[in-house]
Amino acid sequence: MLLEYPADFHIHTCLSPCASDEMTPINILNMAKVMGTKILGICDHNSAGNINAMLNMAQDYDILVIPGIEVQSIEEVHLLCLFESEDQVFKLQEYIYSALPPVNNNPRLFGHQWLVDGIGNILGEENRMLLTSTFLTVDEIAQKVHELQGLLIPAHVDKKHFSIIGQLGFIPENLKVDAVEFSKTTTKANFEATFDNINEYTLITSSDAHCLEDMVYQKTFFLLKSLNFKEIVMALKGLEGRKVLIKD
Ligand SMILES: [Zn+2]
Ligand SMILES: [Zn+2]
């Protein structure tokens, strides 16, 4: 029997300088529990620094946490890169870190980049400036993500800035994407009416939460046989009855 699992693939923790300090693993998981959200993609800007704490904390919850990174390409395109395991996301992090400009974050200007444990104790602060473009092209990021068996989802593509359509003008035909994300500022009907042939892609919509209140947004549902990454991949491909539903 297939069941519907509410999903939010795009959530920032307190590691992202632009996110609220309240975005600790325990707070994110408790908020998801209140909302009934069963699948959480954790995607900080250019880093997976809080993924380990998030996954450890999630063991106490009936929620699937998908480790990810929101990578910013050299074209200033935001890409959600999601993986089955911590191991894979750390391999991507290594690749991203080697392609970040050698600049330190200025917390007073951009915000803190807290590394925390599951209950939000501060373990340290990431010094690299995360809120910036890597030296990697969209194609290079896509290639690496797929080499690591991950999912590549262009983020908030309806936005004018930091989106693939906003920056490039289109989604390159040869780019292998696993889904396309539209932002909470539009609806599925509007999105489909604005962008020609966008229905050729599997669509999702996410909160892009930077504070807990942002997580009050539940429109993407996965129809799955059980709650795991392989089932999610099947749903994104529309295989054997698994699918993604968007309820506006
Ligand atoms: Zn973004
Ligand atoms: Zn984001």
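Is H156 buried or exposed? H156 is buried, with a relative accessible area of 4%. Buried means under 20% relative accessible area, exposed over 50%, and partly exposed in between (1.4 Å probe, protein chains only).

This is a predicted model, in which local features need pLDDT of at least 70, side-chain atom pairs count only at pLDDT 80 or more, and totals for chains, interfaces and linings use all residues. Residues are numbered from 1 along each chain as its sequence is written, and side-chain values use heavy atoms, with hydrogens and water left out.

- Donors are N, O and S atoms within 2.8 Å of the metal (3.2 Å for Na, K and Ca); water is not among the atoms, so sites may look incomplete.
- H78 sits in strand β4 (residues 78–82), and H156 in the loop between β7 (151–154) and α6 (164–168), 78 residues apart.
- Helices (H or I, at least four residues) and strands (E, at least two) are DSSP runs, numbered from the N terminus.
- H78 is buried too, at 6% relative accessible area.
- E70 bridges the zinc ion (ligand 1) and the zinc ion (ligand 2), which lie 3.5 Å apart.

**Around H12**
- H12 lies in the loop between β1 (3–11) and α1 (25–35).
- H12 is buried, with a relative accessible area of 0%.
- The H12 side chain reaches the backbone oxygen of C43 at 3.2 Å.

Definitions and conventions:
Chains are lettered from A and ligands numbered from 1 in the order in which they are written. A polar contact is a pair of N or O atoms within 3.5 Å; within protein, one must be able to donate a hydrogen and the other to accept it, and residues adjacent in sequence count only if both atoms are side-chain atoms.
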